[in-house]
Amino acid sequence: MPLRVYDDRGRELLFIRPPRRVVSLVPSDTLNVFALGAGDRLVGRTRYCVAPEGRVERIPCVGGTKDVDVGAVAALEPDLVLCNQEENSRAHVEQLARLQLPVLVAFPRRVAEGLSHLARLARILGVEEQSRELLRRGLRALRELEAEPRPPLDAFVPIWMEPLMTVNADTFISDALALAGGQNVFADRERRYPLQADLGGAEARPPGERDTRYPRVTLEEVAQRAPRIVLLPDEPHPFSEADAQVFRNRLPGAKVAFCNGRDLSWYGARSVDGLPRLRALLDSLRQSPP
């Protein structure tokens, strides 16, 4: 029986049968397909799709997440292309759609939405029965975190160093942080345009359709927010020990720690075990001496 689903942009997709040739343009979705037991259906990936290690390397690359080779994707004749609204270029996604390729665009901004997307993928791929335990574990992990909240630990999570950038509340990272027991000190901060307005040196203009969820901030602004911890993920920016020392020097009252960026920002299957790991890390920081 045909399956009718909607992606996160409200676009309708109709599948007569489960897809057999899948191109993933999203690292977390590449892992999701493998986690659902359908890794053998992947015929294309980006150069940033590096997990699961030892299994993904055989799959041909079709560029990066922002510089997709649309022609190479089309040549693979996929019956499903997995995209993400903020990770992939809008122009490339629209080109793929114009070629009448079945493009599924995901845009989860909450951990629960990422798990719902994983369940949607299981339905599309026709693997609901064999992936039932994974989906149950994900839901159970989420419910346990929600049922045992921690006292909020004020946290600053940068995602880039130069320029210094962070996230506001309307992001997957901020929701993952909250579930783990952290409180995003920039939850209320929107990105302002132009750049000088974001840094407090000019009047802001209306953002239009531009994304306001990733503000550029100064170290002075971070210090004013007085975070108790600074959490440095290893992606998308590979924060170094030298970066950590910058924060230690400017925020002497804060604990500075490194974390796995995939646990914090990859949606779907990675959250099943990644969120409990993140909770354990924040618990250890909470209990450690200043």
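Below, each label is set against its definition.

Tutor: This is a predicted model, in which local features need pLDDT of at least 70, side-chain atom pairs count only at pLDDT 80 or more, and totals for chains, interfaces and linings use all residues. Residues are numbered from 1 along each chain as its sequence is written, and side-chain values use heavy atoms, with hydrogens and water left out.

Student: Why is F186 called buried?

Tutor: Buried means under 20% relative accessible area, exposed over 50%, partly exposed in between (1.4 Å probe, protein chains only). F186 has a relative accessible area of 0%, so F186 is buried.

Student: Where is F186 found?

Tutor: In the loop between β8 (182–184) and α7 (195–198). Helices (H or I, at least four residues) and strands (E, at least two) are DSSP runs, numbered from the N terminus.

Student: Which residues is F186 in contact with, leaving aside its neighbours within four places in sequence?

Tutor: Contact means heavy atoms within 4.5 Å. F156, T166, V167, N168, V217, E221, V222 and R225 qualify. F156 is 30 residues away along the chain, yet the two C-alpha atoms are separated by 7.3 Å.

Student: Why is α1 described as largely enclosed by the rest of the structure?

Tutor: Eight of its nine residues are buried, so the description holds. The buried ones are P27, S28, D29, T30, L31, N32, V33 and F34. They pack against β3 (22–24), β4 (42–44), β5 (80–84), α4 and α11 (269–287). After α1 comes G37, with a positive phi near 85 degrees.

Student: What makes a set of residues a nonpolar core?

Tutor: Its members are buried Ala, Val, Leu, Ile, Met, Phe, Trp, Tyr and Cys residues joined through side-chain atoms within 4.5 Å. The largest core here has 52 residues, and L36, L80, V111 and L231 touch the most other members. Helix α4 (residues 111–125) gives the most to this core, with seven residues. Another core, of 16 residues, lies apart from it and includes M161 and F247.

Student: What makes a space a pocket rather than a cavity?

Tutor: On a 1 Å grid over the protein atoms alone, a cavity is a set of points where a 1.4 Å probe fits but cannot get out. A pocket is an open set with protein on both sides within 12 Å along at least five of seven lines; lining residues have an atom within 4 Å of a point.

Student: Which lining residues are closest to the centre of the largest pocket?

Tutor: K66, N84, E86, E87 and Y214, out of 40 lining residues.
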